[in-house]
Amino acid sequence: MSPLLEVEDLRVAYGKIEAVKGISFTVEPGEVVTLIGTNGAGKTTTLRTLSGLIKPVGGHIAFNGKPLRRYRADQIVKLGLAHSPEGRHIFPRMTIEDNLRLGAYLRNDREKITKDIRRAYEIFPILEERRRQAAGTLSGGEQQMLAMGRALMSQPRLLMLDEPSMGLSPIMMQKIMATIGALKAEGTTILLVEQNAQAALSLADRGHVMEVGKIVLSGDGNDLLHDESVRKAYLGED
């Protein structure tokens with residue numbers, strides 16, 4: 001089986017500053033793959049490049065066998081790659097349900113859209129309770145749920161999640177990670193960027209550690225979770 005996503009020697013720069021320095025990795029169908037690392041490692045830049053928001057200066061990206069550099073960001077969503085961004089970027093004055101519908105803006109199958117909204121409410125019941133409220137009235141964790149639900153509305157073959165636990169309380173973080181685990185159990189393919197290395201590696205089939213734009217260590221999620229260097233650098237253990 002060919003990888004669903006294949007990244008080879010990807011390089012991304014902001015002017016003369018190279019933020020991603022020739023990284024390579026794959027995501028197989030049904031896998032959860034995580035990128036971990038400190039701020040400035042290039043994780044978010046990588047996701048933004050995969051979703052077409054940033055143009056790379058070099059390397060190759062293939063999604064389901066198609067070279068992504070040919071496509072605009074909206075076309076990439078239509079191919080089946082959805083991005084729930086860092087900071088959520090919901091529309092605060094719109095209702096929760098309208099935010100969800102925006103996730104399906106490239107679709108015209110109304111009945112299936114309605115069905116997928118019901119599914120989003122099944123995954124995140126709090127959203128249904130407040131579906132007619134302005135999205136800006138939600139807590140940070142609830143806004144994260146909405147951002148993930150909106151991304152799922154495009155019926156992605158690959159869901160990219162950027163820092164889903166950032167700024168959340170421990171209880172809400174656990175809920176978000178449990179939801180990611182449930183999506184994994186359903187067979188959803190996920191590329192996860194997350195500063196909480198322990199939570200990310202506990203969920204991931206495979207992981208990659210990034211430092212200053214490079215992948216410096218790769219392995220099975222469980223192996224990295226118990227790797228001495230990873231535990232010292234990212235789990236705060238001596």
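User: How many helices and strands are there in the protein?
Analyst: This is a predicted model, where local features need pLDDT of at least 70, side-chain atom pairs count only at pLDDT 80 or more, and totals for chains, interfaces and linings use all residues. Residues are numbered from 1 along each chain as its sequence is written, and side-chain values use heavy atoms, with hydrogens and water left out. Helices (H or I, at least four residues) and strands (E, at least two) are DSSP runs, numbered from the N terminus. The protein has 10 helices and 10 strands.

User: What radius of gyration does the protein have, against that of a compact globule?
Analyst: The radius is taken over C-alpha atoms, and the globule rule is 2.2 Å times the number of residues to the power 0.38. For 238 residues, a compact globule would come near 18 Å. The value for the protein agrees with that: 17 Å.

User: Of the 238 residues, what percentage count as buried?
Analyst: Buried means under 20% relative accessible area, exposed over 50%, and partly exposed in between (1.4 Å probe, protein chains only). Of the 238 residues, the buried ones make up 48%.

User: Which backbone oxygen lies 2.7 Å from a polar atom of the side chain of Lys184?
Analyst: Lys184 lies in helix H7 and is partly exposed, at 26% relative accessible area. Beyond four places in sequence, its contacts are Val32, Ile190, Leu203, Ala204 and Asp205. The oxygen at 2.7 Å belongs to Leu203.

User: Is Arg107 buried or exposed?
Analyst: Arg107 sits in the loop between helix H3 (96-102) and helix H4 (110-123). Its relative accessible area is 16%, so Arg107 is buried.

User: Which side chain does the side chain of Arg107 join in a polar contact of 2.8 Å?
Analyst: A polar contact is a pair of N or O atoms within 3.5 Å; within protein, one must be able to donate a hydrogen and the other to accept it, and residues adjacent in sequence count only if both atoms are side-chain atoms. The Arg107 side chain also reaches the backbone oxygen of Met153 at 2.6 Å. The side chain at 2.8 Å is that of Asp116.

User: What phi does Gln155 have?
Analyst: Gln155 is among the residues in contact with Arg107. Gln155 lies in the loop between H6 and S7 and is partly exposed at 43%. Although Gln155 is not a glycine, its phi is positive, at about 55°.

User: Where is Val212 found?
Analyst: Val212 is exposed, at 60% relative accessibility. Its phi is positive, about 40°, although Val212 is not a glycine. Its place is the loop between strand S9 (206-211) and S10.

Notes:
Contact = heavy atoms within 4.5 Å.
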